[in-house]
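This report goes through one protein model, from the overall fold to single residues.

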Amino acid sequence: QVQLLESGGGLVQAGGSLRLSCAATSRTLSRPAMGWFRQAPGKERVFVAAISGSGNTHYADSVKGRFTVSRDNAKNTMYLQMSSLKPEDTAVYYCAQGRFTVITDTYDYWGQGTQVTVSS
């Protein structure tokens, strides 16, 4: 069983930056893909970014050029560096582990989420 723990959320002004972390509790010989999703109030959970075990990345168009996903396999940790934040980035951010896709259902394990609030 894999447990994922997000941290780093908070309140930031528009134009500011935040870095989210996602620590996985178990270490495996393989390096599964990991992803970030977000869910705003009253909306469905949507894809933000993903990183494969070999380091390939993919981003939603809405965050491309502003967010950077990375991972430190030695620490079993994934990061999401968010810059030039906008009020519409406000959401609960979830990390997940699974396949290298944009589809929620292809991820097997999920964190509890961390709130990001961007004020205008």
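The sections below cover the basis of the values, the fold, the surface, the core and some individual positions.

## Basis of the values

This is a predicted model, in which local features need pLDDT of at least 70 and side-chain atom pairs count only at pLDDT 80 or more, while totals for chains, interfaces and linings use all residues. Residues are numbered from 1 along each chain as its sequence is written, and side-chain values use heavy atoms, with hydrogens and water left out.

## Fold and dimensions

The protein has zero helices and 11 strands. Both element types are DSSP runs numbered from the N terminus, with helices (H or I) of at least four residues and strands (E) of at least two. Along the sequence the pattern reads β-β-β-β-β-β-β-β-β-β-β. The radius of gyration is 13 Å, close to the 14 Å from the globule rule for 120 residues, so the protein is as compact as a globular protein of that length. That radius is taken over C-alpha atoms, and the rule is 2.2 Å times the number of residues to the power 0.38.

Along the principal axes, the C-alpha atoms fill a box of roughly 45 × 25 × 25 Å. Of the contacts (heavy atoms within 4.5 Å) between residues at least 6 apart in sequence, 56% join residues at least 24 apart.

## Surface and charge

Buried residues account for 44% of the 120 residues. Buried means under 20% relative accessible area, exposed over 50%, and partly exposed in between (1.4 Å probe, protein chains only). The protein exposes about 6,300 Å², of which carbon and sulfur atoms supply 48%; accessible areas come from the Shrake-Rupley method with a 1.4 Å probe.

There are 12 positive and 8 negative side chains, and the centres of the two sets lie 6 Å apart. Lys and Arg count as positive and Asp and Glu as negative, without His and the chain ends; the charge is placed at NZ of Lys, CZ of Arg, CG of Asp or CD of Glu.

## Nonpolar core

In soluble globular proteins, nonpolar side chains tend to be buried together. Here the largest nonpolar core has 31 residues, and Trp 36, Leu 80, Met 82 and Tyr 93 touch the most other members. Such a core is a set of buried Ala, Val, Leu, Ile, Met, Phe, Trp, Tyr and Cys residues joined through side-chain atoms within 4.5 Å. Strands that each supply at least two residues of this core include E4 (33-39), E8 (77-82) and E9 (91-98). E5 gives the most, with five residues.

Leaving aside residues up to four places away in sequence, the contacts of Met 82 include Leu 18, Leu 20, Phe 67, Tyr 93 and Val 116.

## Individual positions

Ala 23 lies in strand E3 (residues 18-24) and counts as partly exposed because its relative accessibility is 32%. Beyond residues up to four places away in sequence, Ala 23 touches Gln 3, Leu 4, Leu 5, Asn 76 and Thr 77. Its C-alpha atom is 8.5 Å from that of Ser 7, 16 residues apart along the chain.

Asn 76, in the loop between E7 and E8, has a positive phi near 55° without being a glycine. Ser 84, in the loop between E8 and E9, also has a positive phi, of about 50°. With a relative accessible area of 40%, Ser 84 is partly exposed.

Lys 64 sits in the loop between strand E6 (57-59) and E7 and is partly exposed at 48% relative accessible area. Lys 64 and Gln 81 are 17 residues apart in sequence, with a C-alpha to C-alpha distance of 12 Å.
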